[in-house]
Each structure stands twice: as structure tokens, then as C-alpha cells.
Amino acid sequence: MKLEHLIQAYNFNKIPAKIKEQNEENGERAGVIEYYNGIAGAYLLDKEDIVIALNIFFNCLTTEDKILKNQVTHTIKVLEIMQKTIMLLANIPQKECNMILEKLGLFNNTFKEGKQIKHLGYMYMVSVVDGKLCLSIAEDNIEI
């Protein structure tokens, strides 16, 4: 999916997303997408502006008042971004996306050491990087 269309699709689905930074070096183009406070993604583009890899970093604790309601709302936002990103990039339905999230161990806490799967031309990986939850999605021929 083209970066421009991905940003439009996020906003259409009520996920605020904007390009915060773009870089080009040695023919490679990459940048940062800013979502909610505490959630950001790093993307890699091919020559046609297609997103070929995306790492999204999630601060899983709310940055607002540390009350239960805010934490639940933030957790829902984290899961929505994960779900919509997988659905949009891989062009798959919600049921298939949920299967991927389940196999990655998000619902039984088995991703602690990092977990990855391949599905329909994409590699999905969940890991913890410097205390942040990281969802990595890349075309099958790209190393994540």
C-alpha cells in the first residue's frame, strides 16, 4: 500500500496518523508515522512509495492520568492500531487479522521473547524493544 493511502486509511478508520519525519539516504526512503501519544511507527518505502516494512512502537502504559479507565482506553487504541495496520497492509479481513495476532501470542502473553510468523507474503513479529512493545510487518523478502 502506498504511504499516502495508508495515512488516509488510518484517518478514515478514526486512527489519527500523520507523517512526522521523512528521510532519504543512499536511495532508501524511510520515515516516522505519529499516532497517539506514546505510539509511533518507522516505515521503509520502495521506489513507488509502497510501504514494504513498518515497525510500530507502543508505550503500553497510558501517558494520561494513571487511572483504570485511561489504561483500558489506551490498551484498546494499541490493539486497534495493530489490527488496522495488519488489515490495511496485507489487505485481509478482521477475522484473519485476529488469527495472526493470536498466533503472535498477544492474547496469551507468549510473545515475551519475541514471536514471528509468515502469512500471505508478509512476515509479522512481536517483540519488546527497550521496554516498548514492537509490532514489525514486512514483505516476505525484507528482513525484519
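Does Gln83 count as buried or exposed, and at what relative accessibility? Gln83 counts as buried because its relative accessibility is 15%. Buried means under 20% relative accessible area, exposed means over 50%, and partly exposed lies in between, with a 1.4 Å probe and protein chains only.

The model is predicted: local features need pLDDT of at least 70, side-chain atom pairs count only at pLDDT 80 or more, and totals for chains, interfaces and linings use all residues. Residues are numbered from 1 along each chain as its sequence is written, and side-chain values use heavy atoms, with hydrogens and water left out.

**View 1. Gln83 in helix H2.** Gln83 lies in helix H2. Helices are DSSP runs of H or I with at least four residues, strands are runs of E with at least two, and both are numbered from the N terminus. Gln83 touches Gln94, Cys97, Asn98 and Leu101, leaving aside residues up to four places away in sequence. Contact means heavy atoms within 4.5 Å.

**View 2. Helix H2 against helix H3.** Two packed helices are described by the angle between their axes and the distance between the axes. H2 and H3 (residues 94-103) pack at about 115 degrees, and their axes are 9 Å apart. Axes are lines fitted to C-alpha atoms, for helices over the stretch in contact; angles run from 0 to 180 degrees between N-to-C directions. Met82, Gln83, Ile86 and Met87 of H2 meet Gln94, Cys97, Asn98, Ile100 and Leu101 of H3.

**View 3. A nonpolar surface patch.** Leu68, Val72 and Ile76 form this patch, with about 290 Å² of accessible area together. Patch residues have over 30% relative accessible area and no salt bridge; like charges are joined within 9 Å, and nonpolar side chains (Val, Leu, Ile, Met, Phe, Trp, Tyr) within 5 Å. A salt bridge puts a side-chain nitrogen of Lys or Arg within 4 Å of a carboxyl oxygen of Asp or Glu. Areas come from the Shrake-Rupley method with a 1.4 Å probe; for residues, only the protein chains shown count as cover. Val72 sits in H2 (residues 68-90). Val72 counts as partly exposed, at 42% relative accessibility.

**View 4. Glu21 in strand S1.** Glu21 is found in S1 (residues 18-25). Its relative accessible area is 40%, so Glu21 is partly exposed. Glu21 touches Ala30, Gly31, Val32 and Tyr43, not counting residues up to four places away in sequence.

**View 5. Asn109 in a loop.** Asn109 is placed in the loop between H3 and strand S5 (115-119). Asn109 is partly exposed, with 43% relative accessible area.
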